[in-house]
Amino acid sequence: MTLRSEPVFAFARPLGRVSIGVWLDRQSVFSWLMMAPPLLFLAALVGYPFCYGILLSLQDRPVAHPGTFVGLKNFATNFHDPIFWRVTLNTFVYTAVATLLKMIGGLALALAMNQQFPLKNLVRALMLLPFIVPTVLSTVAWMWILDPAFSVLNWLLVLLGVPKPGPSWLGNPVLAMASIIAINTWRGLPFYGITLLAGLQTVPPELYEAATIDGASGWQRFRYVTLPLLQPIILIVTLFSVIFTFADFQLVYVLTHGGPQNATQLFATYAFDIAMGAGQLGLGASVALTMLPALALLIVALTIYLRRG
Amino acid sequence: MHGISRRGFLELASIGAASAVLAPGPAPAAGKRLTVLHESSFIPPFDEYIKTTLAEAYEKETGVKIVYEVTAVGSLPTRISTITETGTGADITMNGLLQVIQFSEKYLDVTDLCKEIGDKNGGWYDAGREAVVVDGKWKAVPFCNIGQLMNWRTDWFAEVGVKTFPETWEELYEVGKKLKAKDHPFGFELGHGFGDNHGWLYPLLWSYGGAEVAPDGKTVVINSDETARAVDFARKFFRDTMFEDVLGWTDVSNNKAWMSEQISCTNNAESILWFAKKNFPEIANVTDQAQNPTGPKGRFHLMGAISHSIFSFSPVKEEATAFMRWLMDPKQLGGWYAVADSYYQPTLHAYDNAPMWQVEPRNIPYRDAMTTAHLPGWPAPASRQMAESVAKYVVVDMFAKACAGASTKDVIKNAEAQLKEIYRSA
């Protein structure tokens, strides 16, 4: 066997190219390189508007006018605004009730969808419809459903003996809030349902078999096997759901525009009215930013809980 | 291969430069584009007419291309905000209710142009001027008023013996009571729409002598006996002539209720009759329109002002001014108004007896209402604070809360507190 040695220079590469290649191969460099596009994207489309929003909230900034720094004056103005407190209460009630309903309903939906039945895949696909249909479109459909003259609900209620024309879903402050909660729940259920279904499918069947052999009832299998294993997913879905629900805009804007008498006015719609309707960009930004501490606290609490888990 | 010689290049360059200087070029404006931003019209032929007929005629005449950009109803303030903040996007914009005062610093002063147009066309209505003059300068060219008046069912009113529309609010109330008993209630918006609520509630307040702010634009005067009387009237008017759902109505609701024959009287723009004539002729046959009723202090209407402004940062300001001058000439403007019947009521007296008013005599009250039409914060001049009060539905919700059961004293006190906070910066 003969060994052929090639001239060394034939393999030599320019020094610069070698060092760039090696540099790029470093995990610390490569990972940052991969992360750079999304980070830049986030900085441009989330970070910049967010910081600009904070800056606006500290200014008296009528639209089309230069702003003047006023410190926390806008927040103080909100503090003395009775509608602002109504909006705060509305937003918390709306988010809490809708999220709870979506959580319970979504779990029930996921458990049902996890069973074997004919046309299972078709039903699962149909289940996503409320989530897929653009909110504005589905809200217009709800507008008809909730109109006493055309409402299928009122038609049924009148058949059941409720005096004509039946409840005024959007004219009564309590019913109007209940209506927007119901629609938000209807729209958000598939998100909960499909995510929890994915979680359910990762539960090893052996655990259920072992529990059954130990004599666990259906409820006990759910309580001691399913629920603990689903808990991290429930928490993450809840986190997302709370953020989306808290900042909901389209549904209310199309259906009630915050009426009647601000009974359905939320942070997002009120901030929009002040910033765009009244042209007070600073004051509007301060209303929108009021959402931040509550959401931040929630996110931090849930993250800590998840890490401990 | 031979390249061009230095001498040859110099010769060619000289010939080129000389041709550029001496050759007769196109008119200065030729080849330019003007973008006109408009809110989508409830009368579709209106948008179509400027997009095709007027834009094409202007391009043929001057070489300037008109790009007519339509934005959805309700989204105009957002679009103007974006344009003024970024300094790009359009050269001319339509303005709604109080947008001139909000964006006036970014609008060109068109005082001379408006004077010229006014002088040629019999002068401007006061209401037209009220909506566009900021600190003595015309910041927009008034275009029209979209009046909010009374629409009533002649057949059902006749059933209770009423052949002409009631003259006063109290008389209308009496008729409404009878009609509700016959299952033909009234339907006036008390929710958070953008026009049909303010359209009757501010005039009601004024007709009882109330107002949200004094003529100085600073002193809040909502807490008065006159306001209390207007609120008391609204409460009984709602209770005895309407139904609960109107408290949650937005602007589409009364149109829907009208076309489905749910209500016998409402307050709306002319579009309600226009739409009925096109789609529900039987309903149109029994629809009539009238000015708002009078109260103890007179008869009033809301000025649904529409105007056009030129952005001061537009690179084609001169062309935009020339286009506005051309557009406001009766040869163009008359045709544009006419395609929408009289949905857009002219703010120039030259059109008081224009043929457009002969098309549909039931629309004539909209013309006559111009002399008693005002902006929401009247008798104060338009202001940013006024825009904030409208955006926060202060006056609308004052009435709506009373209708929903709150006491007159409480609703006025709440409205006063809100208005004082708003007008503190005036």
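Modeller: The account below begins with conventions and then turns to the two contacts. This is a predicted model, in which local features need pLDDT of at least 70 and side-chain atom pairs count only at pLDDT 80 or more, while totals for chains, interfaces and linings use all residues. Residues are numbered from 1 along each chain as its sequence is written, and chains are lettered from A and ligands numbered from 1 in the order in which they are written.

Between the chains, 30 residues of chain A are in contact with 32 residues of chain B (contact requires C-beta atoms, placed from the backbone, within 7 Å). On the side of chain A that touches chain B, α4 (82-113) and α13 (267-277) each supply at least two residues; helices are DSSP runs of H or I with at least four residues, numbered from the N terminus. The largest share, four residues, comes from α13(A). By class, this side of chain A has 13 nonpolar, 15 polar and two charged residues, where Ala, Val, Leu, Ile, Met, Phe, Trp, Tyr, Cys and Pro count as nonpolar, Asp, Glu, Lys and Arg as charged, and the others, Gly among them, as polar.

Within chain B, domain 1 comprises 33-146 + 304-366 and domain 2 comprises 149-302 + 373-423, with bounds from an automatic or database domain assignment. Their contact takes 20 residues from domain 1 of chain B and 22 residues from domain 2 of chain B. The side of domain 1 of chain B that touches domain 2 of chain B has 11 nonpolar, six polar and three charged residues.

Technical notes:
Contact = placed C-beta atoms within 7 Å.
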